[in-house]
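Here is a short briefing on one protein model and its ligand. Keep the structure open as you read.

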Amino acid sequence: MAALFYEPSTRTRLSFEAAMLRLGGKVMGTESARRFSSALKGESLEDTIRVVENYADVIVLRHDKEGGAERAAKVSSVPIINAGDGPGQHPTQALLDLYTIRRELGGIDGVTAALIGDLAKGRAVRSLAYLLSKYAVAKIYFVAPPSAQIAPDILAHLGEHGIAYELADELGAIVPLVDVIYQTRIQKERYTDPEELARVQQGCYTITSATLAAMKQSAIVMHPLPRNDEIATEVDSDPRAAYFRQARNGLFVRMALLSMVLSH
Ligand code: NCD
């Protein structure tokens, strides 16, 4: 497995590597591929893929531009796994998120979820909403300041699948209604305008022990991680804090995905 990462990563890259090693395979790769690979010398993504496909049976790619994985897949003779394409999609995160919901709550049909935070620039929530639309979920709340709300392409997709959703910029009234609180980080590195960033920072919420007190006993708190301060550390010891279990599930889901992709 070759891991080509053009953007920072801890969980995604290491869990893919751990997954392949546990399956008995071998791994190689480059982090900071913009700086440490021939991308710095001006090589196109397409050319890089045409070379790396000769050295590996599967390529795990985190590109820094939306559509990067699709471009790579068009020229590659080996499977490309999208490990995040800029602000576009993060499908393997969504797979492990769904697996987590199923394990924690016993199923996905009928679930009500609140996706919270930087929904405009966060790719994890975009992919999760897509994947939730394959199930008979009861309702999805998108909770964000207006300028960081989920993009219309996702809402159109939910509409096509008949999924009920609601946009909100206040979290309080929604907390007691949901089975899943899915909190996300403000994607600071994707902002060019400091004023816009400050506006979004002001409008976002922190999950605290007060949030836990208002939640259903059976509900869970998820987060793709890394976290900044959008979940207070006081939440970590509550059994409903599922985010570290969620990160662990990434290992198993990626093992399953690699073995599926490589057995064809
Ligand atoms: C996410 C990502 O990279 O999109 N992290 C991850 O893969 N677990 C979320 C984020 O960076 O905020």
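Which residues are linked with Arg 123 in a network of salt bridges? Glu 7 and Arg 190 are linked with Arg 123 in that network. A salt bridge here is a side-chain nitrogen of Lys or Arg within 4 Å of a carboxyl oxygen of Asp or Glu.

This is a predicted model: local features need pLDDT of at least 70, side-chain atom pairs count only at pLDDT 80 or more, and totals for chains, interfaces and linings use all residues. Residues are numbered from 1 along each chain as its sequence is written, and side-chain values use heavy atoms, with hydrogens and water left out.

**Ligand site**

- The residues around the ligand are Arg 11, Thr 12, Arg 62, His 90, Gln 93, Arg 123, Arg 185, Gln 187, Pro 224, Leu 225 and Pro 226. Each has a heavy atom within 4 Å of the ligand.
- Polar contacts are pairs of N or O atoms within 3.5 Å; within protein, one must be able to donate a hydrogen and the other to accept it, and residues adjacent in sequence count only if both atoms are side-chain atoms.
- The side chain of Thr 12 places a polar atom 2.9 Å from a ligand oxygen atom.
- In the side chain of Arg 62, an N or O atom is 3.2 Å from an oxygen atom of the ligand.
- Pro 224 uses a backbone N or O atom, which lies 2.9 Å from a nitrogen atom of the ligand.
- Taken alone, the ligand exposes 310 Å², and the protein buries 93% of that. Accessible areas come from the Shrake-Rupley method with a 1.4 Å probe; for residues, only the protein chains shown count as cover.

**Salt bridges**

- Side chains of opposite charge can pair when their charged atoms come close.
- The whole structure holds 15 salt bridges.
- Asp 47 pairs with Arg 50, with the closest N and O atoms 3.2 Å apart. Both lie in helix H3, three residues apart, about one turn of the helix. Helices (H or I, at least four residues) are DSSP runs, numbered from the N terminus.
- Asp 236 and Arg 227 also form a salt bridge, at 2.8 Å from N to O.
- Arg 240 and Asp 238 form another, with the closest N and O atoms 3.0 Å apart.

**Buried or partly exposed**

- Buried means under 20% relative accessible area, exposed over 50%, and partly exposed in between (1.4 Å probe, protein chains only).
- Arg 240 is buried, because its relative accessible area is 9%. Asp 238 is buried at 18%.
- Asp 47 is partly exposed at 37%. Arg 50 is partly exposed at 42%.

Methods
Helix = DSSP H or I, 4+ residues; strand = E, 2+ residues; numbered from the N terminus.
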